[in-house]
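Reader: I would like to learn how to read a structure feature by feature. Please keep it brisk.

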Amino acid sequence: MNHKGFTLIELMVCLAIMSLGISMAALSFGNISAAQANQTIDEISSALSRCRIDTMSRGGEVKLELYMEGKTAYCKLITNGVSHLTKLSSRVSIQYTLVGDTTVYDVAKDPLTLSYARDTGAFHPPGCTGITVIGGRSSYHLVLVPSTGGQYRA
């Protein structure tokens, strides 16, 4: 006899293997996004530290800008008109909160600019209280202390 086609068992085994592969790929993608979010919050923390050090040691106008162009996040450190641009990630969302405001802002719509006071090291003007980076199912939070200019991960 000449049989053409696949048996039901063969089709079920094939579908099971395909669904296993797809689920592994989805988990892998989530882990990659979480790792990128973790790296992004570390880069933002480092940029804030550089901004504060530059403000207190060099003087002049020093500020840090977080913004999105398309789906890519950027961090720009501007020291006396000279920009240093860092591409952060294209798979994350960056949000922030302000003093006395429960609204959560997204840098894709509302870019964030931060600067420090040279004499105290505090944020000038005091405004942002936290930055959150979301990637996949993970989120990482950087708490900012406006009165001291300090920061820590929560």
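Reader: In what order do the elements of the chain run from the N terminus on?

Author: They run α-β-β-β-β-β-β-β-β-β. That is one helix and nine strands in the chain. Helices (H or I, at least four residues) and strands (E, at least two) are DSSP runs, numbered from the N terminus. This is a predicted model: local features need pLDDT of at least 70, side-chain atom pairs count only at pLDDT 80 or more, and totals for chains, interfaces and linings use all residues. Residues are numbered from 1 along each chain as its sequence is written, and side-chain values use heavy atoms, leaving out hydrogens and water.

Reader: How much of the chain counts as buried?

Author: Buried means under 20% relative accessible area, exposed over 50%, and partly exposed in between (1.4 Å probe, protein chains only). Of the 154 residues, 34% count as buried.

Reader: Among contacts between residues at least 6 apart in sequence, what share joins residues at least 24 apart?

Author: A contact means heavy atoms within 4.5 Å. The share is 49%.

Reader: How many aromatic pairs does a search of the whole structure find?

Author: A pair of aromatic rings is described by the distance of the centres and the angle of the planes. Rings of Phe, Tyr and Trp (its six-membered ring) pair if their centres lie within 6.5 Å; planes under 30 degrees apart count as stacked, over 60 as edge-to-face and the rest as tilted. The search finds three pairs. In one of them, the ring centres of tyrosine 67 and tyrosine 74 are 5.7 Å apart with the planes at 20°, so this pair is stacked. Tyrosine 67 and tyrosine 74 are both buried.

Reader: Why is the pair of tyrosine 116 and phenylalanine 123 stacked?

Author: The planes of their rings are at 25° and the centres 4.6 Å apart, so the pair counts as stacked. Tyrosine 116 and phenylalanine 123 are buried too.

Reader: How many salt bridges does a search of the whole structure find?

Author: A salt bridge is a side-chain nitrogen of Lys or Arg within 4 Å of a carboxyl oxygen of Asp or Glu. The search finds four. One of them joins aspartate 42 and arginine 153, with the closest N and O atoms 2.6 Å apart.

Reader: Which parts does the pair of aspartate 42 and arginine 153 tie together?

Author: Aspartate 42 is in helix α1 (residues 8–58) and arginine 153 in strand β9 (residues 150–153), so the bridge ties parts 111 residues apart in sequence. Aspartate 42 is partly exposed at 36% relative accessibility. Arginine 153 is partly exposed at 37%.

Reader: Which strands hold lysine 76 and glutamate 65?

Author: These two form a salt bridge, their closest N and O atoms being 3.9 Å apart. Lysine 76 lies in strand β2 (residues 72–79) and glutamate 65 in strand β1 (residues 62–69), so the pair ties together parts eleven residues apart in sequence. Lysine 76 is partly exposed at 21%, whereas glutamate 65 is buried at 18%.

Reader: Which residues do salt bridges that share partners join into one network?

Author: Glu61, Lys63, Glu65 and Lys76. Within it, glutamate 61 bridges to lysine 63, with the closest N and O atoms 3.9 Å apart. Lysine 63 counts as partly exposed, at 23% relative accessibility.
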